[in-house]
Amino acid sequence: MRVVLAEDLFLLRDGLIRTLREHGCEVVAAVDNGPALRRALLEEEPDVAVVDVRLPPTFTDEGLQAALEARRRRPGLPVLVLSQYVEQLYANELLAGGEGAVGYLLKDRVTDTEQFVDAVRRVAAGGTVMDPQVIAKLLARGEARGTVGDLTPRERDVLELMAEGRSNAAIAGGLHISESAVAKHTASIFARLGIAPSADDNRRVLAVLAYLKR
Amino acid sequence: MASVVSRACVAAARCQLASLLALAVPVVGSLVVCALLLLPVGAGFRLLPPTATALRSLSDRARARAARWTGTHIGPPPELTADRALGPRRRAGAVLADEGFWRDLAWAWLEPAVGGLLVAVPLALIEYGAFGALVQPFIWRIIDDGNWYGFIPVHSTATMLAALALGLALMAGGLFAAPAVLRLHARWGRLLLSAPRSAELARRVERLTDTRERALDTQAAELRRIERDLHDGAQARLVALGMTLERATRLLETDPAAARELLLDVRRTSEAALRDLRDLVHGILPPVLADRGLGDAVRSLALDSFLDVHVEAALPGRPPAPVESAAYFAVSEALTNAAKHAGAREVRITLTHEDGRLRAVVTDDGRGGADVADGTGLLGVRRRLDTFDGVLALHSPPGGPTTVTMEIPCALSSPKTSSSCATD
């Protein structure tokens, strides 16, 4: 898997390169600023880009802008965005095209290397990965507005993991239940919320996120 | 057209009122002069303060009229000392030393001659025009010779029609001159009645001292809060983290399982420390505000809110960072109030920049009845805006809706990045 990496802090960049290499990814370009990232995304044609939101020279959302721009040129270019903060606004912008193949994670999550590399792989495969904090905020909002009111606590847990972009197998592993139980829960959730069920994992995440964003 | 005519008629009526008032002013003016003349025999000391106060209330009303009628702002002079505890001599002395008093007096004597004459011009035109247009057609037959209207000798139908036309023209001229004359009158009033420059400056200095003090207080309180948050939050967690690591290191050889547990604990603590720091930084300068500016930062607030929030931001550039930050936290506070206290469901936020002022309006459909003095929230916002000469107006009748309007004078920098996505 060919990865373009953009991160301006040397220590973190170095650590990420190591982690990715250890897990069999090829880091074709590791850059530390916005213009270099734009160039790398154009020239390297990577399978996935791992991008820090805030980059020099402006130290604003340069990384995100470069990623969005690259996705406008090449829709569906897999991008995993890392940030010190997760913002609903930025999550929406990444999801706006509806193509999937996006991830948005807190930088803290890279400490769990297995999960981080798994997220990179899922994004590269066209999946959607959202940080638990983004989903927690969305669910809290949905509960306050009464849009996810009548789910059982278990269904709520399943919905949360589903919205983070996890597969049924991963949800089952995370909650220590069987995959068939997960399938039953998801069917029930879709019926209660009135979302059209979808066998395709990615389309399912996008539908759930669209529902929660209302 | 209709609105132009009605405005002209209103202006003419105001000229009429101003001319009558111009006649009343010297009456009070002469009372003041009487009091001044009676000073040598002692009675003047008792008479001067009340007559000066009466004159001041007249001039205050003239200032208010100038603002209401023409939008001309006339800064009032400092108030006359109304301290009744002082003896009559001291009070009269204070009046005599007051620059505003002498200006009032000059105005009282000049107003009928200058201001009164000025507003009489359109009135004279209208009234003489009315005489030509409405009266001449009926009386020219009765009066034969020597009946002149203006420069027209009215003695035939043709000359009567000429007089009619002239009369109508004069009336129209008078009516349409009225608003301009009223403005001129207000400017004349400002010439005499505006506060002496020294008083304006004194007031400005007082306000600046006041707001600077409050700004420093707020800043100090903010620094204290940050210090406390760091001390109780991230710092404490890092200390705990160091201790746990130490124990884990000791257990590594003897009890690897326990060491492993402790290391997992270390990870949880480090995550918590990061979360603390993140919240703290968010409270100091929200990342979206730093990245994208006020419009997107408020949109981000809207997305995080539990209410239906509609944001309309039309800012062609970015305000200076401190202003941007103050406006952001002000809008955030208004939004919090709408959710917490007003029981609102829907909120509308507009951000605009006009005539060198950044304007934020937050309207909710809640129960209303809010008062700035009630909670510390909006009061704090008002204090914070004060530093930028900004204002906060709260309109919240019982039963709602509540509208918070904030204005801060500032310039916008040239546009930089802005998002192309609509988010609400």
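This is a predicted model: local features need pLDDT of at least 70, side-chain atom pairs count only at pLDDT 80 or more; totals for chains, interfaces and linings use all residues.
**View 1. The open sheet of chain A.** Here you can follow six strands of chain A in the order S2-S1-S3-S4-S5-S6, paired in parallel fashion. Which strands stand at the edges? They are strand S2 (26-31) and strand S6 (128-130) of chain A; each has a single partner strand, so one side of each is left without a neighbour in the sheet. On average, neighbouring strands of this sheet are turned by 15° against each other, direction ignored.

**View 2. Where chain B touches chain A.** Let us look at both chains together: 20 residues of chain B are in contact with 17 residues of chain A. On the chain B side, at least two residues each come from helix H8 (256-284), helix H9 (287-292) and helix H10 (294-304). What kinds of residues does the side of chain B that touches chain A hold? Seven are nonpolar, five are polar and eight are charged.

**View 3. Two helices of chain B side by side.** Two packed helices are described by the angle between their axes and the distance between the axes. For H10(B) and helix H11 (residues 321-340) of chain B, the axes come within 10 Å and cross at roughly 20°. Angles under 35 degrees count as roughly parallel, and that makes H10(B) roughly parallel to H11(B). Their crossing is right-handed. From H10(B), the contact is made by B:Leu294, B:Ala297, B:Val298 and B:Leu301; from H11(B), by B:Glu324, B:Ala327, B:Tyr328, B:Val331, B:Ser332 and B:Leu335. Sorted by kind, the residues of this contact are eight nonpolar, one polar and one charged.

**View 4. A hairpin in chain B.** Strand S6 (residues 391-395) and strand S7 (residues 402-409) of chain B run antiparallel, and five bridges join them. One of the pairs to look for is B:Ala393 with its bridge partner B:Thr405 in S7(B). Between S6(B) and S7(B) lie six residues, and B:Gly399 in the turn has a positive phi of about 95°.

**View 5. The domains of chain B.** Chain B is divided into domain 1 (1-195), domain 2 (199-284) and domain 3 (291-409). How far apart do the C-alpha centres of domain 1 and domain 3 of chain B lie? They are 43 Å apart.

Terms used
Residues are numbered from 1 along each chain as its sequence is written. Chains are lettered from A and ligands numbered from 1 in the order in which they are written. Two residues are in contact if their C-beta atoms, placed from the backbone, lie within 7 Å. Helices (H or I, at least four residues) and strands (E, at least two) are DSSP runs, numbered from the N terminus. Ala, Val, Leu, Ile, Met, Phe, Trp, Tyr, Cys and Pro count as nonpolar, Asp, Glu, Lys and Arg as charged, and the others, Gly among them, as polar. Two strands pair if DSSP finds at least two bridges between them. Axes are lines fitted to C-alpha atoms, for helices over the stretch in contact, and angles run from 0 to 180 degrees between N-to-C directions. Domain bounds come from an automatic or database domain assignment. Angles under 35 degrees count as roughly parallel, over 145 as roughly antiparallel, 65 to 115 as roughly perpendicular and the rest as oblique. A crossing is left-handed if the near helix is turned anticlockwise from the far one by less than a right angle, and right-handed if clockwise.
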